[in-house]
Amino acid sequence: MKRLFLMECGKIARSISYWLYIGALFAAVIQNYERTVESELRRTDNPASVFYIAENGVYADDTDQLSEDTMHTMMMEATKRLMDNYRSNSYEYYPFGYVKRKTLSEKEQAAILLYLNELTGLDGQAIIGADENRDSEEIQISGGGAFVLNPGKKGTFENGQFIAEPGEWEYVENDSRLSQSLESPGGGFEIQVTFERFKEIMDCVNHLIGRNSYFSWTMLSLYYYPNDMQDTPITEQQHREFYEKDRVTGAFARYFCDSISLIILCLPAFVIMDLLLKDKRYKMNTLIYPRTESSARIIITRFEAVVCMIMLPILILPIKSLLAIVSYCHNIGIRVNIFTFAAYIFAWILPTVLLVMSIALFVTILTENHSAVLPAGLIWLFCRPSVDKIAGGNYGPFDLIIRHNTLKGYGRMMEHMQILILNRILVSVIALLFVGFAIIVYDAKRKGGIRLES
Amino acid sequence: MRIEITALKKCYGDNAVLNDISLTIGNGMYGLLGRNGAGKTTFMRILSTLLKPSEGKITFDGIPLEDTKRIRPLIGYLPQEFSLYPDMSVRETMRYLAAMSKIPVEIQRERIPKLLQQVNLWESRKRKVRKLSGGMKRRLGIAQALLNNPEILIVDEPTAHLDPEERLRFYNLLDEFSSDRIVIVSSHIVADLEAACANVAVLDAGRLLYAGTMDKLAETARGKVYELRIPKNELAAVKRDYYILSSQGHLSDTKIRILADHVPAAGCPALCVPTVEDGYMELLRLLEKGEKI
C-alpha cells in the first residue's frame, strides 16, 4: 500500500494541474500573507502593528462607538485614498473577496473629481497637488491623543546621492501639533461636507467603481471603526491576546489560513480530477479494474495521496515567514509556539480540502469526465462568505471556509470556538461520506454494474 | 482449471450482444474467432469480471463469476485497447500494476525482472512508456497481465497493429505460457489463431456458431473447397455463383479457390483439402444462406 501511495504521489507531482495549484498557492501567499508579515515586522513601532509594544503602556481604547474623531478620521482617510486612486486612476474593489483594481473611464473620472471637489473644496489642480504637501502622518486614537509620524530627514550627500530617512512615531496628547494637524490633517484640505453627505458621496463612488469597492460602507466600516482590521491602532486587549493567548504565531497562522482560503476552495478539485481522469485518458481502467486490490483501498490510497500532495506545500510555504517571526520574537525575548501553524492548517484548512476534493472525487468517478468542474466552480462562487466577513464572522456550522483576514480578533474567534469545531467536524464527516459514495460507485463500475466507457 | 459457460446472455437495452452461449474451456490456448462486432470483446470483458452477464452462469473450477474476490486473483487480462501512463517507465508501470494486484514487494522484486526478460523488455525497463513501439507496448501488456501469475490469461485481439514478425513473436510468447493454464485469445484473423490454438469458438452477431477443435472446424468445409483456373473474363460470373475464398491473377487466367456445394462446371475444378479458414468461411456462408449450422 505504501508503494501504491508513493506512486500515486508521483503521478500527481507530474501533473500540470498540481503545479498550477502550487503556483496559485505561492502567489496567494506572497501577495496576501508574506507582504503582511514583512509589513508588520517593518512597522513594529507603529501603533497599528500587532507587534507594537507601547513603552508607556498606553494603547488605543476598546470601543465600538462611532465617535466624532472616528467619523473625522474615516472621512479624511477615505478622501485621501480617493484622491490617490483618482490620480492613478486605479481603484480598489473586492469582486470575489480578493482585492482587484479598476480603471475608470474619462466620464467616471470626471464624476469622481466633482465628488472630490465637494468633499475638499479644492479644484482639480489642487487635488492633484494636495498630497505632495503632506510631510507628516498621524494615526488618530479614539481617546484624545494621537500617534504622530514626524517628518524624516532628507538631504544630499556630497557625492550627489539623495537620502531620505523615515521619521519616528511619537504619541501626542492634547498637543498644539495635534490640534493643528486635526484642523488640516491632509496638510492641504479640510472636509467640507457633513458625515451624512460623505456617506452619500461614498455610496455614489462605490456604484461607479463596482461591487465592494474600498469606498463601500462595508469596507469603510471594516477599516475605520475601532475593530480588528490592520489599519486601526492596537488596543490593550488585542495586545494581550497577541502576545499572551496567540503567542504571536497563532495570529499569523490564522492570517495564513485565510490568505489561501480561496485557493483551497477550488483548485484541489482540479488536481484530483486530473489524477482520476488519467485512467480514462490512457485507457488504464481496463487494466486496473480486474486487479485484486479492493475498490476501497484504491480510492482511499488515491485520496490520501492527493490530500498529502495538496497539504505539503501549504505546510512548507509559511516556513520562511515563520523563521522571520521567530527570529524577531527571539530578539525581543518572547518565546513563540512554532507548531501553531501546523495545528491551524490541519484544523482549519484540511477539512475544507477534504470536502472540496471528495465532491470532485465522487463526481469524477461517477461521470468519468470533467463534470467536477461544475461543483468546484459553484463551491468557489457560492461558498465564500460576504466581504464584510473577511475579518471573521462566518461562524455557521455549514460554512465551508472560515475567513479571518486580520492578525487581531483572537477573542472573537474564541467566542465561537465551539461552533467552529462543530463546523470543521461536520465538513470532515460530509467529506468522508462523499469518499464512501465514491467507493461504492467505483466498485460498481469495476464489477460491471455501471457500464464502462466503450 | 476449467471454465464452464452456460446459456450466457448479455443485453444492452433490447440489443442482445451475446445470446445463449454455452462453452467449456480447458487448459491450453483457446481461440475466439469472429468478425468485428461479433461480441468477442464483450465475452472477454465478462470473463474478466468487467461486465456482468444479463443471464446465464459462468464458473471457474466451480467458483461463480460473481465471486470477484476469488476470481480476480485467477485472471490476467490484456484488453484490446490500452495505452498505459506515458510518463511512467516500463518498470514503474509493472510495479504500479503489481501493487494494484496486492503482490508483496519481495515477490515483485523477483517476478518483474523475470517477466520483463521473458517479454524481451528488460533492456528497456527504464524507458518511458511513451517511447515504446506498438509491439513493445503489447509485450508490456502481456507482462502486466502475467504479474499475478494467473491461471487464466485473457487476451483480446493482441496482434492488432503489429507487424508480422511481432505477431509471430507474440504468439510464441503466449504459447510458452499456455502449457499449464488457460489462455483465451480473440482475433478476427484466422491465420493468427490457426497456428496457436488447438480449440476455437466462432462467434457471429452474439451467437456461438462453432466450438471445438481447429481440425474439426476445417472439416466443416470438407468436399466443398475447389480450386479452378478460369479466363479473366469469366471471373465475374464465377463470383456471382460461388463463394470466393481467394483469387490470384496469372496472365490471362485467374486461379481461384471457391466454396461450393456441388462440383463447379467451369475451369477444371480440383477438390482441395480444407484449411481452418475455409471451415470458418463455410460457417459464415451457411449463416448467410440461412442454413442450420
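Author: Let me start with axes: these are lines fitted to C-alpha atoms, for helices over the stretch in contact, and angles run from 0 to 180 degrees between N-to-C directions. Helices (H or I, at least four residues) and strands (E, at least two) are DSSP runs, numbered from the N terminus. This is a predicted model, in which local features need pLDDT of at least 70 and side-chain atom pairs count only at pLDDT 80 or more, while totals for chains, interfaces and linings use all residues. Residues are numbered from 1 along each chain as its sequence is written, chains are lettered from A and ligands numbered from 1 in the order in which they are written, and side-chain values use heavy atoms, with hydrogens and water left out.

Reader: What makes α2(A) roughly parallel to α14(A)?
Author: Helix α2 (residues 16–42) of chain A packs against helix α14 (residues 295–316) of chain A at about 25°, with the axes 11 Å apart. Angles under 35 degrees count as roughly parallel (over 145 is roughly antiparallel, 65 to 115 roughly perpendicular, the rest oblique). α2(A) is therefore roughly parallel to α14(A).

Reader: Which residues of α2(A) and α14(A) meet?
Author: Taking contact as heavy atoms within 4.5 Å, A:Tyr18, A:Tyr21, A:Ile22 and A:Leu25 in α2(A) meet A:Met309, A:Ile310, A:Pro313 and A:Ile314 in α14(A). By class, that contact of α2(A) with α14(A) has eight nonpolar, no polar and no charged residues. Here Ala, Val, Leu, Ile, Met, Phe, Trp, Tyr, Cys and Pro count as nonpolar, Asp, Glu, Lys and Arg as charged, and the others, Gly among them, as polar.

Reader: Why are α16(A) and α19(A) called roughly parallel?
Author: The axes of helix α16 (residues 340–367) of chain A and helix α19 (residues 417–446) of chain A cross at roughly 25° and come within 8 Å. By that angle, α16(A) and α19(A) are therefore roughly parallel to each other. The residues that meet include A:Trp348 and A:Phe362 in α16(A), and A:Phe434 and A:Tyr442 in α19(A). The contact of α16(A) with α19(A) divides into 19 nonpolar, three polar and two charged residues.

Reader: How do you know whether A:Lys107 is buried or exposed?
Author: Buried means under 20% relative accessible area and exposed over 50%, with partly exposed in between (1.4 Å probe, protein chains only). A:Lys107, found in helix α4 (residues 106–120) of chain A, has 73% relative accessibility and therefore counts as exposed.

Reader: And how much of chain A counts as buried?
Author: Of its 454 residues, 52% count as buried.
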